[in-house]
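Subject: Structure for your review

Dear colleague,

Please find below the structure that I am handing over to you. My findings follow it.

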Amino acid sequence: MTIERSSSPNLQRSKKLATIALIVAIVAWFALILSVKLWPEYSWIIHILMLAAEAGVVGGLADWYAITVLFRNPFGKIPIPHFLRDHTEIIPRNKTRIAESMGHFVQENFLSPQIVEKSLKNTDLSLAIGNWLAQTENSQQITKMIQQTTPKIFEFIGQEQISHFIQSNSVQWVKNTEINMLSSEMLRAVLDNDFHQDVLQRGLDLLHDWMLAHPQKVQELTKKMFKELGVWGLAKSASWFGFDMQQRSIDSFIQKIESILADPTHPWRIQIETYGQHLITQLTDHESETSKKLNQTKNALLDSPQVLNFIGGAVAILCTAIKEDLEKPDSGIAQNIRIAIQQVGQNIIENKNVRILLNDKFSHVAISLSDQYSEKVIRFISERIHEWDSREMIDKIENEVGGDLHMIRVNGVVVGAVIGLTLGIIRAIIDLLL
């Protein structure tokens with residue numbers, strides 16, 4: 001791992017200021033030593049100032065030493081006692097322990113399942129997501145990203161590959177799926193919610209209105225049906241005796257429709273319900289003739305080259321249509337996506353139960369991830385620190401915190417000088433009193 005070695009401006013400024021402060025204290029100390037020789041009559045006040053300068057020099061040098069030994073050995077190759085040498089280069093010597101400590105610190109304070117659970121419990125994450133999605137600029141940003149990337153994805157993958165993927169995966173999945181159970185559940189949902197009655201009611205309404213509005217077309221269809229059944233000659237002969245069999249049939253059919261529409265308990269409705277329940281029973285049985293025929297028909301359709309070609313062509317047409325629409329500045333798909341994103345955000349905001357459910361899911365996923373990957377994250381942090389060269393590691397830490405550390409040297413000079421001045425004044429007062 002390569003770490004930038006150049007010092008930060010803050011570190012350079014702090015080092016320069018600390019060095020200037022120490023030099024000023026040293027120069028002042030030497031100047032005061034000479035001054036006491038030149039003006040002995042003022043020796044009492046010069047000694048007070050000299051004590052302040054000496055304390056400033058000692059404080060500055062002591063803090064310089066304390067900060068330096070954190071990163072390097074200030075003695076170089078000078079032979080010194082082991083108890084001194086063993087307590088220099090503190091950070092490089094303890095790099096392994098620092099790496100492990102940092103890893104455990106991150107794990108215990110940020111990635112442990114308990115910490116993650118506690119943090120998420122106090123945070124309505126789904127509400128924040130809902131508020132973010134509901135904002136127009138954010139939904140536009142997401143839509144723009146989709147609008148820019150989707151056509152490129154289609155171009156990169158290619159329509160043929162997409163069609164082949166759908167044919168080789170989706171079609172195969174449908175083949176391997178016994179749709180009798182799926183059909184039975186869908187039919188059960190329709191019957192349980194009376195959707196079939198709604199569909200029947202709406203369909204009969206439309207048929208009734210159409211027959212009344214288009215009597216000529218109804219006549220033509222009836223005539224064609226009679227011919228197909230071979231009874232048109234009989235109906236025509238009956239009309240010679242004043243019996244309009246065709247119109248009677250039409251009127252009878254309309255009356256039957258009206259009676260079904262008016263009676264919620266009409267026998268035909270009950271028969272539909274009964275047949276639906278019977279069909280559900282048949283479809284839930286994998287060995288029933290109905291289930292076998294349904295699955296055989298499904299497999300036969302999917303094995304048909306015409307059906308597969310139709311699916312591939314439909315996918316290609318759909319991809320082209322989506323791509324061309326998304327490339328338009330006034331894309332209808334993009335507009336619908338943007339509205340849908342905002343609506344999702346608004347629904348999350350307004351529906352507290354949905355937020356509670358989402359927060360539980362987020363919390364479960366986050367806790368699961370922290371439990372599975374926290375050790376890997378800690379190991380990754382430790383390994384990266386182990387890989388650092390000691391010199392690079394020192395430069396990195398010094399760039400981050402060295403500015404504040406070297407300001408301690410300035411404080412050492414100033415505080416030392418103040419303490420020395422205070423002690424000098426106290427000593428002068430004691431000498432004066434005694």
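**Salt bridges**

Asp124 and Arg355 are joined by a salt bridge between their side chains, with a distance of 3.3 Å from N to O. Please note that this is a predicted model. The Asp124–Arg355 pair connects distant parts of the chain, as 231 residues separate the two. Asp124 belongs to the loop between α6 (113-121) and α7 (125-134), whereas Arg355 lies in helix α19 (residues 352-387). Arg355, at 13%, is buried.

In the whole structure, the search found three salt bridges. As a general principle, side chains of opposite charge can pair when their charged atoms come close. Another of these bridges is formed by Lys323 and Glu327, whose closest N and O atoms are 3.0 Å apart. Lys323 counts as buried because its relative accessibility is 18%, and the cut-off for buried is under 20%.

Lys292 is partly exposed at 35% relative accessibility. Glu287 reaches 57% and so counts as exposed, since exposed means over 50%.

**Packing of two helices**

Two packed helices are described by the angle between their axes and the distance between the axes. Helix α10 (residues 179-192) packs with helix α16 (residues 289-303) at an angle of about 115°, and their axes are 9 Å apart. The two helices α10 and α16 are therefore roughly perpendicular to each other. Which residues meet in this contact? From α10 come Ile179, Asn180 and Ser183, and from α16 come Ser291, Leu294, Asn295 and Lys298. By type, the residues in the contact of α10 with α16 comprise two nonpolar, four polar and one charged.

**An aromatic pair**

The structure contains one aromatic pair. Its members are Trp29 and Phe30, with ring centres 5.1 Å apart and planes at 55°, so the pair is tilted. The cut-off matters here, because only planes over 60 degrees apart count as edge-to-face. Trp29 is partly exposed, with 26% relative accessibility. Phe30, with a relative accessible area of 49%, is likewise partly exposed.

Yours sincerely

Definitions and conventions:
Residues numbered from 1 in each chain as written. Predicted model: local features only at pLDDT ≥ 70, side-chain atom pairs only at ≥ 80, totals over all residues. Heavy atoms only, no water. Axes fitted to C-alpha atoms, helices over the stretch in contact; angles between N-to-C directions. Helix = DSSP H or I, 4+ residues; strand = E, 2+ residues; numbered from the N terminus. Parallel < 35°, antiparallel > 145°, perpendicular 65-115°, else oblique. Contact = heavy atoms within 4.5 Å. Nonpolar A, V, L, I, M, F, W, Y, C, P; charged D, E, K, R; others polar. Phe/Tyr/Trp six-rings, centres within 6.5 Å; stacked < 30°, edge-to-face > 60°. Buried < 20%, exposed > 50% of the residue type's maximum accessible area, 1.4 Å probe, protein only. Salt bridge = Lys/Arg side-chain N within 4 Å of Asp/Glu carboxyl O.
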